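Here is a briefing on a predicted model. Keep the sequence and the 3D view side by side as you read.

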There are 2 protein chains.
Amino acid sequence: METRELRYFVAVAEELHFGRAAQRLGIAQPPLSRAIRQIERRLGVPLLTRSSRAVALTEAGAVLLREGRAALDAVEAAERRTRRAATGRPGLVLVTKAGAVGELLVKLLDAYAAEPDSVAVEVVLCGIAEQGRLLRDGRADAALLHLPYDSTTGFDTEELHAEGQVVVLPAGHPLTSRAELRMADVADLPGLPRPRWPRPDGSHADGPGPQVRDLAQLCQLIALGRASAILPESCRAQLRHDLAAVPVPDAPTVTTVIAWPPHSRSLALASLIRTATSL
Amino acid sequence: METRELRYFVAVAEELHFGRAAQRLGIAQPPLSRAIRQIERRLGVPLLTRSSRAVALTEAGAVLLREGRAALDAVEAAERRTRRAATGRPGLVLVTKAGAVGELLVKLLDAYAAEPDSVAVEVVLCGIAEQGRLLRDGRADAALLHLPYDSTTGFDTEELHAEGQVVVLPAGHPLTSRAELRMADVADLPGLPRPRWPRPDGSHADGPGPQVRDLAQLCQLIALGRASAILPESCRAQLRHDLAAVPVPDAPTVTTVIAWPPHSRSLALASLIRTATSL
DNA sequence: AGCCGGCGATACCCCAGCGGTATCGATGCG
DNA sequence: CGCATCGATACCGCTGGGGTATCGCCGGCT
């Protein structure tokens, strides 16, 4: 199957509408219809159920959507990494979530810069759950992720750091006087629901909590007395003065890992990982 | 980049010869030359250095060869998994090395077959280092691998079993009277070199030992007094009567893991993995 | 019931680009 | 100095991808 065909199918499968998909692809609708039919004929498998009113994925179609996206990412990654290998700028791109892993990141960059064979490291801060995409399609070389919150599926990883978590509350909240709290104490604080982070696909789960996009938003909401949050200990260093943190020993441990795409054979990346694990 | 172009480039990069590559691809040489030049023009990157006598990969070319193979595998996997999702036979394909993990495999298959939601499991035995390929290109759903000998790069894994290793010697060899041996004792046995396994690309490392392809060959050679080998304990159960095994406590522990491609969302596979980890 | 509007499929046409043949130009070899 | 090898170039034919026009189906509105 050609990547063009895969792109076409993914577009239709995402839009579930031939006209819009064709528009997105910058082609007319009839060639798109033909291309999809040809894919189905060659695979010998129906991918879409069409009525004149609605298009839906078959089970096989859902598989091809998932696998096709991964394959397209792989092709894109091949191109991008090839270009980067040639441009002579053998810099590394390290991606992490905005507002996370503050101290660790600084230590890593300092230690790596001191290595004899180090190259420039570009740090990219991105929103939640974009790291995987960047790593998969070749725009980034490595990522700092937080287990168990981030997925490392498909990547090689090394653990760097483990830490407990704290509950973050508005300063002055009654519970802030306690030396530590249990998960049961903070599971359902009246008026302080947990925020809802966007899922990888951009949508939000249903629930009572406010929708948040980044740490700053979250802190703002907590300060306003509208939310609470369980965060890794290391966030205390960058907490605003109007927030308070109380340790929660029985919260799941957060492990910071460095992740990179498999098949990487870059010496610079290997050196960065070596530096990271020996911190 | 289209998969056709990737296939063309991979062929040339592997053959390092336009004529042979064209023959392998079933096309004439001139279109192939043109296609490669077009790829280089579009990427803005030289991939091959050509003289009229020799073709060699540039550094960027080597990157594209590696990444391109992975991308082609991903595309092929997408097609294969889509076809398999549709044919209604939701069977699983489990791949493992011939002659390895005997007892564990039987237990796993029995336990899984007893699950209420189990489906047919096809067991594929293959030579060393083909498992990764099968898993990557969608012909297999899961593999049983041995750490540290096999690579799990790019796959998700769960550990199933850890065991020590034994040295396998011809029956009657003086050392077989010992209750156990150290690595130092068996590192360099006179006349009994370690065999050389094929590498993933099919070639063999240089060295004194005989080249072997599978366990039967190896046992034959040991019985003939031409080789010795360090193997996992569990191999004792299937050892021929003319061979003897002595524990080597300081040999690296062999961990059997079950590995599967990331992005898998198959319920049947999830169930198999759950069964495996709860053995 | 009848009309309309939206949507995917079909019919038909055009041309970009892929692949083929013939040939050139460079280079290592006897 | 021919000769053989191998990649690049020139040129040509045709397949197939993309465009426009239109059809057929169906749900909804009045």
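H3(B) is the top contributor to the surface near DNA strand D, giving four residues. In total, 18 residues surround DNA strand D. The model is predicted, so read the points below as computed from it.

**Surface near DNA strand D**

- The closest residues come from both protein chains: A:Ala28, A:Pro30, B:Phe18, B:Pro30 and B:Ser33.

**Packing of H1 and H3 in chain B**

- H3(B) also packs against another helix of chain B. Its partner is helix H1 (residues 3–15) of chain B, while H3(B) itself spans residues 29–43.
- The angle between the two is about 105°, and their axes lie 10 Å apart.
- An angle of 65 to 115 degrees counts as roughly perpendicular, so H1(B) and H3(B) are roughly perpendicular to each other.
- H1(B) makes the contact through B:Glu5, B:Tyr8, B:Phe9 and B:Val12.
- H3(B) answers with B:Leu32, B:Ala35, B:Ile36 and B:Ile39.
- Seven residues of this contact are nonpolar, none is polar and one is charged.

**Contact between chains A and B**

- Chain B puts 31 residues into the contact, and chain A puts in 32 residues.
- On the side of chain B, the elements giving two or more residues are H1 and helix H4 (59–86).
- H4(B) supplies the largest share of that side, with 19 residues.
- The side of chain B that touches chain A divides into 15 nonpolar, six polar and 10 charged residues.

- A:Leu16 sits in the loop between helix H1 (3–15) and helix H2 (18–25) of chain A.
- Is A:Leu16 buried, exposed or partly exposed? It has 14 other C-beta atoms within 10 Å. Being buried takes 20 or more, and being exposed takes 12 or fewer. A:Leu16 is therefore partly exposed.
- B:Leu16 has a positive phi of about 55°, and it is not a glycine either.
- The loop between H1 and H2 of chain B holds B:Leu16.
- With 14 other C-beta atoms within 10 Å, B:Leu16 is partly exposed.

**Leu125 of chain B**

- B:Leu125 belongs to strand E4 (residues 121–126) of chain B.
- How far apart are B:Leu125 and B:Val95 in space, C-alpha to C-alpha? The distance is 5.8 Å, although 30 residues separate them in sequence.
- B:Leu125 has 14 other C-beta atoms within 10 Å, so it counts as partly exposed.

**Chain A as a whole**

- Chain A contains nine helices and 10 strands.
- Along the principal axes, its C-alpha atoms fill a box of roughly 65 × 55 × 25 Å.
- Of the 279 residues in chain A, 33% are buried.
- Among contacts in chain A with a separation of 6 or more, 71% join residues 24 or more positions apart.

Technical notes. Residues are numbered from 1 along each chain as its sequence is written. Chains are lettered from A and ligands numbered from 1 in the order in which they are written. This is a predicted model: local features need pLDDT of at least 70, side-chain atom pairs count only at pLDDT 80 or more; totals for chains, interfaces and linings use all residues. Axes are lines fitted to C-alpha atoms, for helices over the stretch in contact, and angles run from 0 to 180 degrees between N-to-C directions. Angles under 35 degrees count as roughly parallel, over 145 as roughly antiparallel, 65 to 115 as roughly perpendicular and the rest as oblique. Two residues are in contact if their C-beta atoms, placed from the backbone, lie within 7 Å. Ala, Val, Leu, Ile, Met, Phe, Trp, Tyr, Cys and Pro count as nonpolar, Asp, Glu, Lys and Arg as charged, and the others, Gly among them, as polar. A residue is near a molecule or strand if its C-beta atom, placed from the backbone, lies within 6 Å of it.
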